[in-house]
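Biologist: I have not seen this chain before. Please take me through it, one question at a time.

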Amino acid sequence: MKSSAITRRIIEALARQHPNADTELHYRNAFELLAATILSAQSTDARVNLVTPALFERYPDARAMAKATPEELEPLVLTTGFFRQKSKALIGMATILVAEHGGDVPADMAKLTALPGVGRKTANVVLGHALGVPGLPVDRHVLRVANRIGLAQGDDPESVEAQLCGLLPPAQWTLASDVQILHGRRVCKPKPLCDRCAVRSDCDYFAQLGETRATQAARPRPATTKPATPRASARKRPS
Ligand code: SF4
């Protein structure tokens, strides 16, 4: 595991490699980001950005969306996948916002995760980007990048979130998530492009790759045991 100082240095280097890192979802307020993040499950930000302009034109706030029916909403979010569950979640989320929070998005993890379709990752996205509350969303990219570099261990998002938050000041939590997500999408892909990476010198995975290559290069080559093939001219001809 890395120290806090090294972790800060790594996040700052990633921020320089991916300047202006931010969520790639388009939104104008916390309600729009919450709805867009619910739609982004099992989809891509680009695909969600294609459907949200028409969605938010028709349902600009929680009060409007709470009155929608699934039949009205489903065609609008169809292309993001799982459209029935997502439509139900959007209507349920908006209904609770109106009934319990005056139509506003609460700046509180427990209240957010009590909403339909909202898990800890979605809540952290909204808290960190739209409500000014430090949050560190952990998705599959953050899991991969943090484990490879050696900032965290394990594949449980909540545990990795706690490890990263413990290493960084709250003011860097959201940035740490944004830069690792972009790094995972652009550079530290499942097949990593380490030659383009700004944090190679601090990365455990890269160090292990180097050791493996060095060990393989230092290993003596095994002697050839295969008997030499007799030359055609030396082969005995059948009589
Ligand atoms: S050096 Fe390679 S494995 Fe390590 S963070 Fe960079 S791209 Fe990922």
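Modeller: This is a predicted model.

Biologist: How many helices and how many strands does the chain have?

Modeller: From the N terminus on, the elements run α-α-α-α-α-α-α-α-α-α-α-α. The secondary structure therefore comes, by DSSP runs, to zero strands and twelve helices.

Biologist: What distance should helix H3 span, and what is the distance between its end C-alpha atoms?

Modeller: Helix H3 covers residues 45–58, which is 14 residues.

Biologist: Where in H3 does a kink lie?

Modeller: H3 contains the proline Pro53, and the kink comes shortly before that residue. The bend is about 35°, and its place is Thr52.

Biologist: Which helices do the buried residues of H3 pack against?

Modeller: Val48, Thr52, Leu55 and Phe56 are the buried residues of H3. Residues three or four places apart in an α-helix point the same way, because a turn takes 3.6 residues. The partners of the buried residues of H3 are helix H2 (30–39) and helix H5 (70–77).

Biologist: Which element gives the most residues to the shell around the ligand?

Modeller: Of the 14 residues around the ligand, the nearest are Cys188, Cys194, Cys197, Cys203 and Phe206. Two or more residues of the shell come from each of helix H9 (140–149) and helix H12 (204–218). With three residues, the element that gives the most is H9.

Definitions and conventions. Residues are numbered from 1 along each chain as its sequence is written. This is a predicted model: local features need pLDDT of at least 70, side-chain atom pairs count only at pLDDT 80 or more; totals for chains, interfaces and linings use all residues. A residue is near a molecule or strand if its C-beta atom, placed from the backbone, lies within 6 Å of it. Helices (H or I, at least four residues) and strands (E, at least two) are DSSP runs, numbered from the N terminus. The expected span of a helix is 1.5 Å times one less than its number of residues. The bend at a residue is the angle between axes fitted to the seven residues ending there and the seven starting there. A residue is buried if 20 or more other C-beta atoms lie within 10 Å of its own, exposed if 12 or fewer, and partly exposed in between; C-beta atoms are placed from the backbone. Two residues are in contact if their C-beta atoms, placed from the backbone, lie within 7 Å.
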